[in-house]
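Reader: I have a structure to go through and I'm new to this. Can we take it piece by piece?
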Amino acid sequence: MWSNVRNWVVTFVPNNSKLSKYRAKRDFSKTAEPSGQTKIAASNRRRFIIQKHAATRLHYDLRLELDGVFKSWAVTRGPSLDPHDKRLAVEVEDHPLDYGDFEGTIPKGEYGGGTVQLWDRGYWEPEGNKTPEEALASGDFKFMLQGQRLHGSWVLVRMKHDRTGGKRTNWLLIKHRDEHAREGDASAVLAEDRSIASGRPMAAIAAGMWDSRTGHAAENPKKRKAGSAKTKSRTSKVQPRSSDALPDFIAPQLCEPVERPPSDDGWGHEIKFDGYRIQLRVQNEHVTLKTRKGLDWTGKFDAIAREAKSLPDAIIDGEIVALDENGAPDFAALQAALSEQDTDDLIFYAFDLLFDDKADLRPQPLSDRKARLQTLLADHGPRGVARIRFVEHLETGRRCSFEVRLPLGA
Ligand code: MN
């Protein structure tokens with residue numbers, strides 16, 4: 001997976017002049033989109049991404065890495081695998097390479113406001129004798145895609161008679177005939193609403209699950225279908241129950257194994273951590289860490305318990321894991337750390353807030369609880385290399401196994 005930057009050796013300095021249009025259109029104090037200041041290591045292969053973007057109109061943004069930026073086209077109806085289809089691809093401003101990891105919600109009223117899903121990604125290569133720069137300049141740009149959803153040979157052809165009077169440069173995206181073409185089955189590839197990075201459908205992204213960069217759940221730009229029970233429970237405002245004291249322990253909700261994660265709207269997906277499910281309770285700076293059966297393991301996780309003292313009174317559901325050198329959870333390393341009593345490097349991944357002070361949040365929608373948890377950790381959590389972390393978006397599909405937790409309305 002290409003977000004594993006350790007495989008990249010050459011450091012790339014962002015080309016600021018190419019991104020001036022991109023930056024001029026955006027207010028980075030309002031949108032969580034990357035500003036392009038982050039240096040992204042160059043890959044020895046050229047990357048591409050396609051982002052499904054529910055802005056004013058749904059479209060698919062095709063971005064091909066070239067000369068340190070993503071050359072970008074908004075494909076209005078999405079790519080088609082049928083070589084008879086010519087899909088309008090409107091050339092848009094170059095995007096920074098760190099846009100390749102962007103999935104989330106651009107606030108309403110901002111440029112491109114709406115939900116962005118990482119729909120495909122992989123590598124591309126130019127076809128033919130021309131350099132990609134020459135091919136683009138000539139208006140006949142042939143390339144091969146090697147993605148998770150799109151494969152094989154494609155061409156972008158610049159339209160000669162541009163009816164918009166030159167304000168926009170319009171191209172046509174066409175699939176070449178090869179073993180990856182599908183005649184008469186044009187839109188089948190667009191049918192599945194699922195991020196290749198996080199597994200989330202558009203609705204879960206819009207609901208703000210893991211929208212870690214904005215710090216709050218963004219407004220859902222898409223009207224939900226009326227009449228579904230999930231929708232009703234999500235939108236109804238449930239007041240938190242007030243109780244006299246924090247309970248000592250709440251039996252955690254356990255996973256229900258399923259063959260495949262549900263792909264319909266109204267579900268959130270989280271990575272399944274290979275660790276120990278632990279309930280973190282803080283009251284007057286007194287911290288306890290309990291297993292899912294209620295055993296007190298605070299003494300085993302000294303460093304995490306010390307960090308948690310800075311938190312306000314709360315009960316947080318999470319999982320303690322050991323991370324391997326790639327940042328992936330490693331259960332064997334966790335067991336070794338426990339047996340050697342060397343637990344300083346373990347991480348508590350917080351994924352649910354059950355009580356916030358004396359407010360019982362369990363009747364509230366999971367998306368609300370998560371937003372509140374994220375704020376709580378951002379406001380009171382330890383600084384620097386924190387051992388207590390909010391469960392953010394999934395980075396890659398590399399090690400994804402999904403724990404289906406709750407309908408967002410539950
Ligand atoms: Mn777009």
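Author: One term to begin with: two strands pair if DSSP finds at least two bridges between them. This is a predicted model. In it, strand S1 (residues 46–54) and strand S6 (residues 114–126) are joined by nine bridges and run antiparallel.

Reader: Ok. Which residue in S6 is opposite Gln51?
Author: Leu118.

Reader: And which way does S6 run against strand S5, parallel or antiparallel?
Author: Antiparallel, with three bridges between S6 and strand S5 (residues 104–106). Thr105 stands opposite Thr115 of S6 there. S6 also pairs with strand S7 (residues 140–147), again in the antiparallel sense, over five bridges. Pro126 has Phe143 in S7 as its bridge partner.

Reader: Back up a bit. How many helices and strands are there in the protein chain?
Author: The protein chain has seven helices and 18 strands.

Reader: And what share of the residues is buried?
Author: Of 410 residues, 36% count as buried. As for contacts with a separation of 6 or more, 68% are between residues 24 or more positions apart.

Reader: Which residues have the most contacts inside the largest nonpolar core?
Author: Ile304, Ile320, Val321, Leu346, Phe348, Tyr349 and Ala350, in a core of 34 residues. The elements giving two or more residues to this core include helix H5 (302–308), helix H6 (331–339) and strand S17 (388–390). Strands S12 (276–283), S14 (314–321) and S15 (347–356) are also on that list. S15 gives the most, with eight residues.

Reader: What does Phe348 touch?
Author: Leaving out residues up to four places away in sequence, Phe348 touches Ile278, Leu280, Ile304, Gly318, Ile320, Arg387 and Ile388. Apart from this core lies another, of 30 residues, among them Ile40, Tyr60, Trp124 and Leu145.

Reader: Now S12. Is that strand enclosed or open?
Author: S12 is largely enclosed by the rest of the structure, because six of its eight residues are buried. S12 pairs with S14 in the antiparallel sense over seven bridges, and Arg281 has Ile315 in S14 as its bridge partner. Six bridges also join S12 to strand S13 (residues 286–291), and these two run antiparallel. Val282 is the bridge partner of Val287 in S13.

Reader: What happens between S12 and S13?
Author: They form a hairpin with two residues between the strands, and Asn284 takes a positive phi near 50° in that hairpin.

Reader: Where is Asp67, and what is its phi?
Author: Asp67 lies in the loop between strand S2 (58–66) and strand S3 (69–75). Its phi is near 55°, a positive value in a residue other than glycine.

Reader: Is Asp67 buried or exposed?
Author: Asp67 is exposed, because 12 other C-beta atoms lie within 10 Å, and a residue counts as exposed at 12 or fewer.

Reader: What about Asp357?
Author: Asp357 is not a glycine either, and its phi is positive, about 55°. Asp357 is found in the loop between S15 and strand S16 (359–360). Asp357 is exposed, with 12 other C-beta atoms within 10 Å.

Reader: Different topic. How long is helix H7?
Author: Helix H7 (residues 366–380) has 15 residues and reaches 21 Å from first C-alpha to last, close to the 21 Å expected at 1.5 Å a residue. Its buried residues are Leu366, Ser367, Arg369, Lys370, Ala371, Leu373 and Gln374.

Reader: And Ser20, which helix is that in?
Author: Helix H1 (residues 20–24). Ser20 counts as partly exposed because it has 13 C-beta neighbours inside 10 Å. Ser20 and Glu93 are 73 residues apart in sequence, but 9.0 Å apart in space, C-alpha to C-alpha.

Reader: Last thing. What is the mean pLDDT of the protein chain?
Author: The mean pLDDT is 78, and 74% of the residues reach 70 or more.

Conventions: Residues numbered from 1 in each chain as written. Predicted model: local features only at pLDDT ≥ 70, side-chain atom pairs only at ≥ 80, totals over all residues. Helix = DSSP H or I, 4+ residues; strand = E, 2+ residues; numbered from the N terminus. Expected span 1.5 Å × (residues − 1). Buried ≥ 20, exposed ≤ 12 C-beta atoms within 10 Å, placed from the backbone. Contact = placed C-beta atoms within 7 Å. Core = buried A, V, L, I, M, F, W, Y, C linked by C-beta atoms within 7 Å. pLDDT = per-residue confidence, 0-100.
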